[in-house]
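Please open the structure in your viewer and keep the selection panel at hand.

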Amino acid sequence: MTCLSSVLDYIGMSDPSDASDAGLPESQWPSDWLRAALGLAALKALSAGPSYGYAMIGELADAGLGQVKGGTLYPLLNRFEKAGLIATEWGPGDGGPGRKYFSLTAAGRSFLKEQSRDWARFAATVTDYLAPEGTLQP
Amino acid sequence: MTHVGHAHHRRWTEEFSHELRLRQVSGEDINEAISTVDEHLNDSGESASDAFGNPRDYAASLGLSPTDDGPARGQVLVAAFVATLSFLAFGLAVSRWISGEGSSTVIICTLGAGAIMLSASALLTLGIAKQIVEATVRERFTGVSAGAWSRYAPAAIAVPWVFPIFAAVIVAVGVLRA
């Protein structure tokens, strides 16, 4: 009964499009999962070309990863910059001050490619393992 | 756009840059971090603490490295070298003066070397004191141990004055013997 009501709560809170599968709304993925995936997702958000912080947050939200805070994204980008995976450059802003543009370096691009492949294997392994008995694909 | 100039924003930014300064992050990196915060808040319309949380925690999470203190350490070494040389020069010149060789060259050498020795000792003390303070602050805010600096701080600050004290002893002994 309480379980049903909490599911109904979720449905009430989320978009009509989310209502059909009654799962967690996108903004409520467990933070542990997000922490693990956010690094690669941030690099992916730069794969189409240089971008800036707020646009990346928008892109990640559109991809269904929920609303990432600036306090989470920028330290991550700083670490990637230190590791040589991304480069930064100040460009003109829209009327405001400047904008800091982030872009993938060659090392970042190959890191993203490799890790995306590994992530897919990891996700498949977890999914297979978690599948209820008898539904496992041969 | 309304947040910039707002008291809350100003206080947040002050605390943020203060924390970065204590972590000895370079001025350039501090300015860049603040510009990035401003840019983000202009875009999102959020308040600084909503977007970035506690300014101290955010400063720590950026992982910006402290400025290289190589130049400061170099200045200490140069001051120590100059103090040693001028001490030797003063010793030679003053012993000649005391033994009766009162030519103007000897007098000028004595006074010049003495003045250089005193200035170098003072600079050396300042340099060493600065290193000690920075090591202590670094220990407090980044957990990197101040190590030998904190244990031998009083001795380290006193060391440069060995030169003028020895010089004074040389003068005193020479005058008494003459």
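The tour begins with one chain and then turns to the interface.

Before selecting anything, bear in mind that this is a predicted model.

Start with chain B, and select residues 74-94, 106-132 and 152-176, which the unreviewed UniProt entry annotates as "transmembrane region". Within that selection, look at residues 106-132 of chain B, where the chain is 100% helix and 0% strand and the end C-alpha atoms are 38 Å apart. Then move to residues 152-176 of chain B, a span that is 84% helix and 0% strand, with its end C-alpha atoms 36 Å apart.

Next, show both chains, and select the residues where they meet: 18 residues of chain A are in contact with 18 residues of chain B. About 1,500 Å² is buried between chain A and chain B, and carbon and sulfur atoms give 51% of that area. On the chain A side, pick out Y54(A), Y74(A) and W90(A), which lose the most area to chain B and together account for 34% of what that side buries.

Now display side chains across the interface, where the rule finds four salt bridges and 12 residue pairs in polar contact. To see one of the salt bridges, select K69(A) and E46(B), whose closest N and O atoms are 3.5 Å apart.

Finally, colour chain A by its elements: α4 (53-62), α5 (70-82), β2 (86-92) and β3 (98-104) each supply at least two residues of the side that touches chain B. Of that side, α5(A) gives the most, with seven residues.

How values were computed. Residues numbered from 1 in each chain as written. Chains lettered and ligands numbered in written order. Predicted model: local features only at pLDDT ≥ 70, side-chain atom pairs only at ≥ 80, totals over all residues. Heavy atoms only, no water. UniProt positions renumbered as here; feature names shortened; annotations may be inferred. Helix = DSSP H or I, 4+ residues; strand = E, 2+ residues; numbered from the N terminus. Contact = heavy atoms within 4.5 Å. Buried area = accessible area lost by both parts, 1.4 Å probe. Polar contact = N/O pair within 3.5 Å; in protein donor to acceptor, adjacent residues only side chain to side chain.
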